[in-house]
Amino acid sequence: PELAAEAHRRIQSGSGGIIAVSYEARKRGVTRQMNSQEARKQCPEILLVQVPTAFGKADLRIYKSAGDEVVSLLSRRAGCCEKRSVDEVAIDITAESERLLRERSWEEDLLPAAKRASHLADSALSRAAAGVSRDDTRKGHAGQQQQQHQVDENVAAGGWEDAAQWGAKERLMIAGAVVVAELRAAVESELGFTCSGGVAENKLLAKLGCGLHKPNQQTIVFPAAVGHLLHDLPLDRLQGLGGDLGAQVKETLQVATASELAAIPLERLESMFPGKAAYLHDLALGRLNDPVQDRELCKSLSSGKTFFGRNRLNTAQECEHWLGELAGELHRRYSDDLARHARAPTKVSVHVGVGGTGPAPWAAAGGHTHASRQMSCELGRAGTVEQIAKAACACFNRWTPGGALGVTSLGMALSGFQPLASGAPLSHFFGASASASAAAAAPAAAKGGAQQVNSAAAAQGGAHVRCFDSTTAPSLPARIVAVPTPSPFEEHSKGSRSLVSA
């Protein structure tokens, strides 16, 4: 049944699966995919909150709205603001950092403020955090959550004793760290979320820095620290290598860390991964050039649902029913987006996942495979649920292999947004802040128990901020980028709290 965000959603019993876990609960051994009974055995005092539901699945609108609010706040001081997902934003804070260097004292203000707020990526604590596996990073390992001042590691060991020798680039990053610290403080005071952040020369390094120390912390990645940071970094912690491509790289090249991948000659990389050698090499060296794109609006609206075990979908009729449910959700979100930003999508796409003992064509792929199809679907101002569902079913029917389908996941997306002739300013589509109405609506909804949202802001030569858990990074030659990403539970995380999806 549908459960509105405004409803009382704290639960005392049931067996729903946990989809998000606070840092406090992680410390007690609670993990995602546990059911609520398992979580209570692990942590008897845990607070479980049912996520809102609609159209037969979790309804994440309050989290998306809260993320938009954070983006709007961050954009006040960012040159560019790139919303990368519901919980990740990249911001270029180069100009703001340069302003701080001109107007504020280095010795008496910026350096002390950055030191109070930041870890350095080449400290012993940071190096240890960099070698932790991707899974353990997601769970929240002890070193990740440890504050610098809690460690028996004096100031000299942390690298701050070299401040007198730092050049212009390092000073710019220090100023960027102050910007990020002040933005994080503003997010907490105005919106109630805490953030983690990473400051580095590009989005890749900023994001890595952000993940080293959480929650409510930030890390600076100086150029000289990159080699130390990447030396023992597990390959799947690099952006883009956490999935199938990363698994192929590890298996084909027999490498496990970023430094091992960086040591592979380009010629061999090109022979094994045609067209991707330079990309993989730059990833491994931490120098992927990916400037912040000034975009505060998402590029697509997507929704999906998984069907494991006996819930697997074996007939086209079952799949078409769920495509209709997904179409209903996306139509509501399209209507909201249309009202706020005067734009409409022109494409619909469907993603199908098949696992286990599906039909013969999938057995050759090891029993698991994925397929995507898309087609034009110009909704304009008056698009209907039926229009979206019809296009989605047409995409699905282009894939259907016949027989028992064994579908374990269905996804749908609306994309190719175009502005509608309405006199709306171009800023609605490029770098505009989230609307005031969205900003006003999100906090009240988010505080009804759904309190874990992530936002990230990172840019070429800038900072990565994880809103509700942030990161910051600067760019080459003198550019600062921030990537903020809010975590649904970091704000108000006074107890062991988790979100449950029935």
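## Overall architecture

Among contacts in the protein chain (heavy atoms within 4.5 Å) between residues at least 6 apart in sequence, 71% join residues at least 24 apart. The model is predicted: local features need pLDDT of at least 70 and side-chain atom pairs count only at pLDDT 80 or more, while totals for chains, interfaces and linings use all residues. Residues are numbered from 1 along each chain as its sequence is written, and side-chain values use heavy atoms, with hydrogens and water left out.

The protein chain has 19 helices and 21 strands; these are DSSP runs numbered from the N terminus, helices being H or I of at least four residues and strands E of at least two. Of its 502 residues, 55% count as buried. Buried denotes under 20% relative accessible area, exposed over 50%, and partly exposed the range in between, with a 1.4 Å probe and protein chains only.

In helix 4, the buried residues are T94, E96, S97 and L100. They lie on the same side of helix 4, because their arc around the axis is only 165°; the arc is that of the directions from the helix axis to the C-beta atoms. The face turned away from this buried side carries the exposed residues A95, R102 and E103.

Helix 4 (residues 94–103) packs with helix 9 (residues 168–191) at an angle of about 100°, and their axes are 8 Å apart. Axes are lines fitted to C-alpha atoms, for helices over the stretch in contact, and angles run from 0 to 180 degrees between N-to-C directions. The two helices are therefore roughly perpendicular to each other, a term for angles of 65 to 115 degrees. From helix 4, T94, E96, S97, E98, L100 and L101 meet R171, L172, A175, G176, V178 and V179 of helix 9. By class, this contact has 6 nonpolar, 3 polar and 3 charged residues.

## Helix 15 and its surroundings

Helix 15 (residues 277–285) has A277, L280, H281, L283 and A284 buried. These residues cover an arc of only 160° around the axis, which puts them on the same side of helix 15. They pack against helix 10 (203–212), helix 11 (226–231), helix 12 (244–253), helix 13 (258–262) and helix 14 (266–272). After helix 15 comes G286, with a positive phi near 75°.

## Cysteines

The count of disulfides, taken as pairs of cysteine sulfur atoms within 2.5 Å, comes to 0. C43 is buried, at a relative accessible area of 0%, whereas C298 is partly exposed, at 24%.

Key: Angles under 35 degrees count as roughly parallel, over 145 as roughly antiparallel, 65 to 115 as roughly perpendicular and the rest as oblique. Ala, Val, Leu, Ile, Met, Phe, Trp, Tyr, Cys and Pro count as nonpolar, Asp, Glu, Lys and Arg as charged, and the others, Gly among them, as polar.
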